[in-house]
Amino acid sequence: MNSPWKTEVLAVFRKEAMTELRTKSGLATGALFGFATVVTVAFALFNINPNRVDAVFRDAPLKDVCASLLWTIVLFSALLSLPRAFLAEEENGTADLLRLMARPHAVFWGKMLFNILQTWALSLFLSVLFIAFTGLEVPLPGVFAFCLLGGGASVAGAVTLCGALAAQASNRAALAGAIAVPLLLPLLQWGVTGMKASFGGGFEGGGIAAAVGMVSYAVLVVVVGPWIYAAVWKS
Amino acid sequence: MPPEGDPRTALGYAALEMALYSSLTVDEHLSLAANLRGCDARADELLEMVGLTYARDLSAGQLSTGMKARLKLAMAIQPRPAVLLLDEPSAALDEQGRALVAQIAQEQTARGALVVATNDPQERSLATHELALEN
């Protein structure tokens, strides 16, 4: 990335960060949804048998459930907050301002970079909360961190791309959701596999492979996303 | 600087219905526009010219319609464009604002081309050529 590209991408990133810090719309929505869900899940799990929490979590099937629950919470929190990056520009009428001044690659990368950082912050917060509330043990913290970072980046990339592609449609929110389903399916599989392995409920190798898959997915979206977005960008 | 003819710097545009980022300040709008277009921000000079120096730290959401119109004019002329497109530039402006539009039009015609879409007789007087769009 040469200097003008870097300046343009950082300008979009700064704009996104300042807007989010001042309005707190995306982060607050995602964090509140995630918090409420973690608390609900924790109550539900503890209600299975409050006196056997440790024993329950040593059972492999419950580690599967925890992996699925945590990944679902992270995914839906991201889905609530991330597509706003492009949809809000169209709804507020500021997309035309960007089209006049910016190149599509800079807009896509700037927004995606911000979404990735926001997803990492959100998933870290929700994971710590989930582990604290449920008392779940993480015997493979390296795999867990790798999955969280790779998964966060790939989810943010995929959802940013969905928002970008759907932004100019008349029924943009519904379309973004519809495009997201096939794009997110492989991430659901990898995310649950990786998390399960990090909780000690699967093979370590399988968890690492899932994390590598998610990182590769994120790299693919970073490289290919702007070219797809440029094709739908109105000049 | 972007290559000559790059529409981001060769074309300036300001219109009443064009939206601004309500949470960004006047200064941040000029800085964002300059960074995206690869041109000099010229914030002090432009804000003094459009009379918004006192409002540089106000967010766009706090600006009146007239102040927003002045900010859009500043953003439009920021890269010193070869072609400046103005859609009813005086619509939300007072007498001082109208004088500002006349000054911008004078400077632009010396530098390149100016296209104004308007129904206002005073704005029509800025033109050297008129094209009437009917029906």
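A helix axis here is a line fitted to C-alpha atoms over the stretch in contact, and the angle between two axes runs from 0 to 180 degrees between N-to-C directions. With that in mind, and remembering that this is a predicted model, begin by selecting residues 172-198 of chain A, which form helix α9, together with residues 204-232 of chain A, which form helix α10. The axes of these two helices come within 8 Å and cross at roughly 145°, and α9(A) passes α10(A) in a left-handed crossing.

Next, show the side chains where the two helices meet: on α9(A) the residues include A:P186, A:W190 and A:G194, while on α10(A) they include A:G206, A:A210 and A:Y217. Sorted by class, this contact holds eight nonpolar, seven polar and one charged residues.

Now colour by chain and turn to the boundary between A and B, where 18 residues of chain A are in contact with 14 residues of chain B. On the chain A side, select α1 (3-23) and α6 (95-101), each of which supplies at least two residues; the largest share, nine residues, comes from α1(A). The chain A residues that touch chain B divide into eight nonpolar, six polar and four charged.

Finally, look at the largest nonpolar core, which has 99 residues, and select A:L70, A:C147, A:C162 and B:A74, the members that touch the most others. Helix α8 of chain A, residues 141-166, gives this core its largest share, 15 residues. To end the tour, centre on B:A74, which, leaving aside residues up to four places away in sequence, touches B:L30, B:L46, B:L47 and B:V50.

Methods: Residues are numbered from 1 along each chain as its sequence is written. Chains are lettered from A and ligands numbered from 1 in the order in which they are written. This is a predicted model: local features need pLDDT of at least 70, side-chain atom pairs count only at pLDDT 80 or more; totals for chains, interfaces and linings use all residues. Helices (H or I, at least four residues) and strands (E, at least two) are DSSP runs, numbered from the N terminus. A crossing is left-handed if the near helix is turned anticlockwise from the far one by less than a right angle, and right-handed if clockwise. Two residues are in contact if their C-beta atoms, placed from the backbone, lie within 7 Å. Ala, Val, Leu, Ile, Met, Phe, Trp, Tyr, Cys and Pro count as nonpolar, Asp, Glu, Lys and Arg as charged, and the others, Gly among them, as polar. A nonpolar core is a set of buried Ala, Val, Leu, Ile, Met, Phe, Trp, Tyr and Cys residues joined through C-beta atoms within 7 Å. A residue is buried if 20 or more other C-beta atoms lie within 10 Å of its own, exposed if 12 or fewer, and partly exposed in between; C-beta atoms are placed from the backbone.
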